[in-house]
Amino acid sequence: MLSLGFLSFASPWILAGALALPLVWLLLRLTPPAVKQISFPAIRLLFNLDPTQRTTAHTPPWLIILRLAVLILALLGLADPILNFARNNERSGPVVVAFDDGWAAATHWESRVRALRDVLETADRRGQPVAVVATAPTAQITPLKLQSGREALETAVRLAPSPWPADRAKAAERVKALAKTGIPSGASTVWIADGVDDAGSGELAAALQAVGPLTVIDAKGLTQPIVQYPPNRSFTSKTEASGNDIEVKLGRIGGGQPQANETVRALDGDNQVVAQTVVTFGAGAATATARLAMPTELANRIARFDVENVASAAATVLSDDHWQRRPVGLASATVNGVRAPLLENSYYIREALGPYADVRSGDLDTLMERPLAVLIMADGGKILDAEQDRIGAWVDSGGLLVRFAGPNLSSNVDPLLPVKLREGGRTFGGAMSWSTPATVAAFPSTSPFKDLLVPGDVTVSSQVLAEPAADLAAKTWARLQDGTPLVTAARKGQGWIVLIHVTATPEWSKLPLSGLFVDMLRRLVDISRGIQGETEDAVGQLPPRNLIDGFGRLTPPGPATGAIAAQDIAKTAASPSTPPGLYGPPGATRALNLSTNLPELKALPEPPLGATRMGFDSVTRERVLKPWLLTAALILLLADLVISFALRRLLPERAAAPAAILLALCLAAPRLHAAEPRRELDVDPAIRAAIVDTRLAYAATGNADADRIASSGLTVLTQLTSARTAAELSDPARVDLNANNITVDGLLPYPLIYWRITPGFRMPPPKALAALNAYLHRGGMVVFDAPDQPGAIAADGKNHERLEQIVRNLDIPPVSKVANDHVLNRTFYLMKSLPGRYTDGQIMVETGSSATDGTSSVIIGANDWASAWAKDANGIALYAAIPGGETQREQAYRAGINMVMYALTGNYKADLVHLPAIMQRLTN
Amino acid sequence: MALNAATRRDESHRLRAQADVIAAALPPLPVPTRRPATVTALGSHGRRRAGVGDSFWQFRPYSTDDTPQSIDWRQSGKVDQIYVREREWVTSQTAVLWCDTSPSMRYRSDAKFPAKAERAAVMTLAIAQLLIDGGERIVRVTGDGRQQRAASAGRLAVGQMADAIAAELLEEKPAKVPEVPRFDSLPRNAAMVLFSDFLGPLDDIGGMVRAVAHKGIVGHMMQILDPAEESLPFEGRVRFVGMENEGATVIDRTEDARAQYMERLAAHRAGLKALAAAAGWTFAVHHTGNSPQLAVAALHNAITGHRR
């Protein structure tokens, strides 16, 4: 190692080659250019020219300098010069690197990775083994081991910040485990830290220091991570229009930090900014809040909140369907199981709420299938006894039930009412009444409608009346001028029951015609949200829908992410198995946000005694100059080549420019190539083979005889199909449905899977059944063959039972016997039946399936086709066809070809275009 | 000879077509007679004595050795004497043509120029045509000094000459001929037209000229050169190879040798001119870059105007 200030040479002895440069100079000077040969008649006149005229050909001096430059560059390059060679940290033992890649590391991620690369490259250059421990937990944890710097670099390239917190205690354990296996002396340790303290940070520092002197590299003096806590959306009372107040809250590492401004943006599903606000951290403050006021319709569009210029999972908050439009169910009470045609009743409600809520109508069963925030019963009837419990339970768990009065509600029809009602209604201002219609009084101060203005033209001509009770006033949210309640509400469990004492139609009052009606309904829906957000009435599993990565970007879920139980999602913290993101089916998604469960941020304490701490910039960046120098030498060499050709006139003038361009392209080509790394797809060879060449498949049965028959039978069928039809198939494949790695992707390449049911049959695992179902849904075809005839190979008379077992587990539409004119009977040959080894088996196909355009996804038979097809090695049929002999075997071949063609062409032959031709052949 | 007869015929027709274009623009070319050759062939040259011919020469008294058919009865009827009608003896002059087809004549510096030999052939055929039109006999001698065995008069002669020259031009490996041919068997007192580059040794050319002139033959030398031979337009380090086994030489900077070459070429040409003048011949230079029409016209003038 030779060092000249900032420049060092790893192989300085090569520089001795520079001694040969003067010799090269002389040689270059003396080399004459190439001779051009010309035939010339007047050569006699050229003989013996005056020798003084013979000028020596000299290489131009600049060309010599160019060539020497090539040599010098090559020599320098081979001497392996290194810029900024780090002289500090001269320990030669292994380097253990702890690398924080939790959510907090997303800030300055580039700098972190560069620091890691610098550390690893330096170690690699000196041959020091390294071990990199990433502190964020992963789904699978492999034991830490020492590896070469090159290997570590390859894994370091794939590092990305995790959208969950680091677990330094676990990292410390891994370091300790490594230390136990024995680390050579002279080890040093580096911790590239994210600057956020957690419970295990002291432990990790101690573990690292136990291995060797510790250097902590972090974002010293740079901006620190920021957390955005889930915003709080509340109903605002300040504005006359029904508005929303959204309180956003940011957190950072408190103490000692100056005042700072951050911009919080609310984005909709298309990443358009809906609103933004500046949040100001006071000097030293750890949290800051700001308010966003906006109308409900706008607030409902918000899909996520993020902090401008902070790409981090913690600064990103997703809003789910609970945040957005409330699901409102508009139920029609059922009388004796008949749905009452009272659509008129729901019309005004739907008109009023449509723009603000997700209004669904239908009968109660349909509505209750999905989570509901509000259930509106507009037809003022009785709730059936059978449904009372169900609705009651729903209200108890936080639902908001809104009922409208009606002629049938005058008595206490059911317990789901907020107040006791008096028998009989009340009517004012009718044709037979002297009183005038009543108007609505100002809302009481305890009412959620309290700041709504009451228009003077809303009149009520009929209503139902509540029995006076002590708590009636408290339960009244709106009343008429004469003091009788218009809207009453009562808590039930965690939910509310609200009764509006008029109908939902203008029949009893002008309320449904007024703007007040809209406002009141929206208030009611707004109330429901808070209740709904706290508890979850849904049960079951919420599959991941969209996840956010460490930079706060939405990504599709990977295979490792499992579903979360619906009741647990509020309590679930972000972790490798439950990354933050949206879970659940469309329309009922729940957000799992990282920041929900984050503790208050604390700064990483000063490193323990003996540890040095530096910022990213302080990491010495060594630069290897060898590739650059050698590349420059090569470029100059190529240039010299072109120049020499030009000088010797070997290059036609017209070719000079293209040659130069070609040269430039040659130089640029490796870069272009490098920019586009080849992606080798990791495809199962069997699947690859099935994709490249179309082939049939048979399901492995676990019965060797049956498998042999199926294999041989399909091989013969494949040969016949290739010989007789335009379909060129390859050797049939074997599909093991009991294999662990069975997926729908592994089945989809096969147009047809032949499955012979045998005594050795085992029910495939649920995963395989799911794959098989998906295969059938996406256009695959399975031929089930369950021969039960006496004497059939691998038959014990119970194959039909087994077949039933499978079919019960598969999602197959109703099947029926193959009709004579079914497409299957005429896809290639015109057949009357589809015999196999036997002729008496029933053959069933789907009655009609619109998903696959009328093509049956299954053919269920018992004719033992494969036995009829199968041949031995000498090409002799294995089993006699009963009773028809060879004629029947030929029919069986034709049946097989028809099935293959049916799988390949679907209902093509059912097309009426072919009808005349088919009819002609059928009638002749 | 692997030569395709059809190719040869095409080449012959091509050469003749070019020659005909040139000849059509010029009047027929009778060779001025200094001393007619003693050839007993009919021609246009009256010998001013009685002999075979068309025009009347004299009446003379019948002698016993005359045939009765030669008696001119009309003249004899006027007087008592019997006369015999004699006609003027008319002979033709013979012109000898030499078209050099040696390897060095195959040279051309650029595809836009014809080979020197091709140009020589076209000019030879044009002159031959003009001579035939002028009633002369033509004889072609080849590079090895032999006379071409062919018709010597009439249109057929030109055609046969074209065929022969085309055959020579198309030969892949030209017959080995001396650089400067020796013309031994030439008719005496003929006219001769020589088409060559005359780049051989000056002494050899001088010997040839003197030997031919000694037979009373008047020669017209046409030096045909490629423009590159005139200016030596090459540059850089070049190895020049002779086309007739003269050897090779390497010149490092051809551009520097150019001046010296042109000097030597001028000296060589001056020597040729001196040779021609000494033998009473004419000498002209033609470059393949120029039109052959003018050169043939100049040659026509030189031949008709040449009287001693």
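A:H108 is placed in the loop that joins β5 (95-99) and α3 (109-125) of chain A. In this predicted model, the phi of A:H108 is near 60°, a positive value in a residue other than glycine. Most residues other than glycine have a negative phi. A:H108 has 20 C-beta neighbours inside 10 Å and therefore counts as buried, since a residue is buried if 20 or more other C-beta atoms lie within 10 Å of its own.

A second residue of chain A can be described in the same terms. A:D864, which is not a glycine, has a positive phi of about 55°, and it lies in the loop between β43 (858-861) and α20 (865-869) of chain A. Because 32 C-beta neighbours are found inside 10 Å, A:D864 counts as buried.

| Residue | C-beta neighbours inside 10 Å |
|---|---|
| A:H108 | 20 neighbours |
| A:D864 | 32 neighbours |

**Chain A and its helix pair**

Chain A contains 22 helices and 43 strands, and of its 924 residues 39% are buried. Among the contacts in chain A with a separation of 6 or more, 77% are accounted for by residues 24 or more positions apart.

The crossing in which α2(A) passes α13(A) is left-handed. On the side of α2(A), the contact is made by A:L63, A:L66, A:R67, A:A69, A:V70, A:L73, A:A74, A:L76 and A:G77, while α13(A) contributes A:K626, A:L629, A:L630, A:A632, A:A633, A:L636, A:L637, A:D640 and A:I643. By class, the residues of the contact of α2(A) with α13(A) comprise 14 nonpolar, 1 polar and 3 charged.

**The contact between the chains**

Chain A gives 23 residues to its contact with chain B, and chain B gives 27 residues. The side of chain A that touches chain B is made up of 13 nonpolar, 5 polar and 5 charged residues. Strand pairing also links the two chains, in that strand β3 (residues 36-39) of chain A and strand β8 (residues 238-241) of chain B pair in the parallel sense over 4 bridges. Within this pairing, A:I38 has B:F240 of β8(B) as its bridge partner.

**An open sheet in chain B**

Chain B holds an open sheet of 5 strands in the order β5-β4-β6-β7-β10, with parallel pairing. Its edge strands, β5 (137-141) and β10 (282-287) of chain B, each pair on one side only, and neighbouring strands of the sheet are turned by 20° against each other on average, direction ignored. Inside this order, strand β6 (residues 191-196) of chain B and strand β7 (residues 218-225) of chain B pair in the parallel sense over 6 bridges, and the bridge partner of B:L194 in β7(B) is B:M221. Helix α3 (residues 116-133) of chain B lies across β4 (94-99), β5, β6 and β7 of chain B, and this helix runs at about 170° to β4(B).

Key
Residues are numbered from 1 along each chain as its sequence is written. Chains are lettered from A and ligands numbered from 1 in the order in which they are written. This is a predicted model: local features need pLDDT of at least 70, side-chain atom pairs count only at pLDDT 80 or more; totals for chains, interfaces and linings use all residues. Two residues are in contact if their C-beta atoms, placed from the backbone, lie within 7 Å. Ala, Val, Leu, Ile, Met, Phe, Trp, Tyr, Cys and Pro count as nonpolar, Asp, Glu, Lys and Arg as charged, and the others, Gly among them, as polar. Two strands pair if DSSP finds at least two bridges between them. A crossing is left-handed if the near helix is turned anticlockwise from the far one by less than a right angle, and right-handed if clockwise. A residue is buried if 20 or more other C-beta atoms lie within 10 Å of its own, exposed if 12 or fewer, and partly exposed in between; C-beta atoms are placed from the backbone. Axes are lines fitted to C-alpha atoms, for helices over the stretch in contact, and angles run from 0 to 180 degrees between N-to-C directions.
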